[in-house]
Each structure stands twice: as structure tokens, then as C-alpha cells.
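Colleague: I have a model open and would like to learn how its features get their names. Could you take me through a few of them?

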Amino acid sequence: MSTTPSWHQRLLGGFKRTSDRLVGNLAGLGTARLDEATLDDIEEALIASDLGPVTAKRIRDRLADGSFERGMEELGIRLVVAEEIEKVLEKVAKPLEIEAFPRPQVILVIGVNGSGKTTTIAKLAHWLVEQDYGVMLAAGDTFRAAAIGQLATWAERVGVPIVRGAEGGDAAGIVFEGVKQATDKGIDALIVDTAGRLQNKRELMDELAKIRRVLGRINPASPHDVVLVLDATTGQNALSQIEVFKEVAGVTGLVMTKLDGTARGGVLVAAAEQFGLPIHAIGVGETLSDLRPFDPKEVARIIAGVEELVR
């Protein structure tokens, strides 16, 4: 019998801190009558759980409209929380689809250094290979030799080809060569690593603009996707990263990674509410199989701490 945790078990573990925090913040707030003071407390508890002020206010309004006179037990409050979180997440839970023609579909992956960007590329490649897509990686983060070496190691583990160059090389040239080789080999998806140095936004913007110009000369539709990798352990700081990278790189979708026992996973909801960008996948661990699209209802129930009660 396999001892590998199921995806559901990994989700439970990944959102444990978030769920425990939300349940703890809501503890004791159920009451025979949900008066204004109690509703304020509930709203503050939801904000403190990283769900974001917009979602927190909508849940408060829902509780006020539906249950103000009759009151509600704590479990009932959490069920409402789960329903409202699901409404937010179901609008953005959109797996990355490989549908570009002509191939390859070019996927630029961006994110600050330390966000888990390189390992997320490997996991995304693994997921696509499992679906029988041909995948190639391009080491476009030429700013750091370590990034090039790390991506090459992952490419070998996943069993996909990689286009790479020397440290300090021309990232746009690497991407151009990647598209050329991917086209010649009939590759479905070219996943491109990019530099993650936000301390100089202008330099990063210029580099990404050059990559876009090169890609545009090959295929005006590319890059087909610009995917931002976010580190869930940074909490609300992830939201400011979305804001900056939208300006710098034209983000088209998100991947939330490092949703482990230390993560502040409520920010997944806040990001969905505030930006409405597709969230293609979430990462809940370190192995290659730990990145997957998610079920909004399942995640919502886990966050609200009611999943085991309503299955």
C-alpha cells in the first residue's frame, strides 16, 4: 500500500495554519443574535486571517442580511465563510491550457527571487508531461548562474530538454533559440524562466520588453502566458508583488506556491478577490507532484475548517 499522501491530504496539510488561524479567530463569535459589535468582530477576524477586506465585508454583509435576527452558531458562520470563499475562487480557478497554434505555446514564468519560481517551472513541466505534452525549458534568468544550473538539474529530473546559455548572457537570445528549437522539434510548450530582480524595476522591464519584442517577431501571439509565481508564506506582501509585476510584465495568470504548514493561505482568496487573475495551480509541497489545479469548493471548505464536516 502506498504511503504517499493523497492530493487531498496534502491540501489539508498545506492550509492547516490558515484553517487553524481562521477557526481560532472566529472561536466564540457565534451568538444568539448577531449584533453590530459581533459582526464587526467577525469581519476583523476574517481580515486577520488574510482573506482581505473585500471578502471579509461581503461575508459580514451576508451574515447581517440573512441571520441578523435569528443568530448563528460558530459552525454556521464558518459554512457561510466557505460558501463565500468558493464564490471568489471559482471565478479564477483556471488550469493552464495548451492550445496555441502554431506550437509552441510560450509561457513566461516570472516572480521575485526566492518565491519558488524555478522549482515551480519544474513542477509545471512535470504536470504537462503527465498530460502527454512535449515540453522544453529555456533558462532566461541569465542574471544568476545558480538559476541556470538549478533549472538544468530540474530539466534532467523531469526528462525534458533545456536551452541555456552562459551567466550574463542575452536572455532574449536564449528565448529566441528556445522557440526555434521547440518549433523544429514539435514541442507543445516552451516554459521560460526569467530574472526576478525587482530592486531595479526599469532594468527588469527593459529585459522583459526585449524578450517580448523578440517573441513578437517570431509569433505575434507570443508570449501566450505570463505566469507570476507567488510565495504564500509572504502573506499580504504577495498582493503588492502582483501589482508591481502587472505593471512591469503584463501578468496573465498566477501560481501560488509554498502552501505548506507555515503559509498564510488566506492570501489566495485576497489575490483572487482583488485582481481577478486566473489562478492556474497551487503548490503544497516540495515534490514534483505537489503542483496542481485546485477545486474551489474543496479549498474553500478546508480554509473555513468545515471540510471534514460536510463531505
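Modeller: Pro223 lies in the loop between helix α9 (201-218) and strand β5; helices (H or I, at least four residues) and strands (E, at least two) are DSSP runs, numbered from the N terminus. This is a predicted model, where local features need pLDDT of at least 70 and side-chain atom pairs count only at pLDDT 80 or more, while totals for chains, interfaces and linings use all residues. Residues are numbered from 1 along each chain as its sequence is written, and side-chain values use heavy atoms, with hydrogens and water left out.

Colleague: What makes the bond between Ser222 and Pro223 cis?

Modeller: Its omega is about 0 degrees. Most peptide bonds are trans, and most residues other than glycine have a negative phi. Asp50 is not a glycine, yet has a positive phi of about 70 degrees; look for Asp50 in the loop between α3 and α4.

Colleague: Why are β6 and β7 called paired?

Modeller: Pairing asks for at least two bridges found by DSSP. Strand β6 (253-257) and strand β7 (279-283) have 3 bridges, so they pair, and they run parallel. Leu254 stands opposite Ile279 in β7.

Colleague: What makes β3 and β8 edge strands?

Modeller: The open sheet has 8 strands in the order β3-β2-β4-β1-β5-β6-β7-β8, with mixed pairing. Strands β3 (162-163) and β8 (291-292) each pair on one side only. Helix α7 (145-158) packs on this sheet, touching β2 (135-139), β3 and β4 (189-193); contact means heavy atoms within 4.5 Å. The direction of α7 makes about 165 degrees with that of β2, where axes are lines fitted to C-alpha atoms, for helices over the stretch in contact, and angles run from 0 to 180 degrees between N-to-C directions.

Colleague: Why is the contact between Arg60 and Glu36 called a salt bridge?

Modeller: The rule wants a side-chain nitrogen of Lys or Arg within 4 Å of a carboxyl oxygen of Asp or Glu. The closest N and O atoms of Arg60 and Glu36 are 2.7 Å apart, so the pair qualifies. The pair links distant parts of the chain, with Arg60 in helix α4 (53-67) and Glu36 in helix α3 (36-48), 24 residues apart. By this rule the count comes to 20 salt bridges.

Colleague: Which residue classes line the largest cavity?

Modeller: Its lining has 7 nonpolar, 1 polar and no charged residues. Ala, Val, Leu, Ile, Met, Phe, Trp, Tyr, Cys and Pro count as nonpolar, Asp, Glu, Lys and Arg as charged, and the others, Gly among them, as polar. A cavity is a set of points on a 1 Å grid over the protein atoms alone where a 1.4 Å probe fits but cannot get out, and lining residues have an atom within 4 Å of a point. Among the lining residues are Trp127, Val255 and His280.

Methods
1 Å grid on protein atoms, 1.4 Å probe; cavity = no way out; pocket = protein on both sides within 12 Å on 5 of 7 lines; lining within 4 Å.
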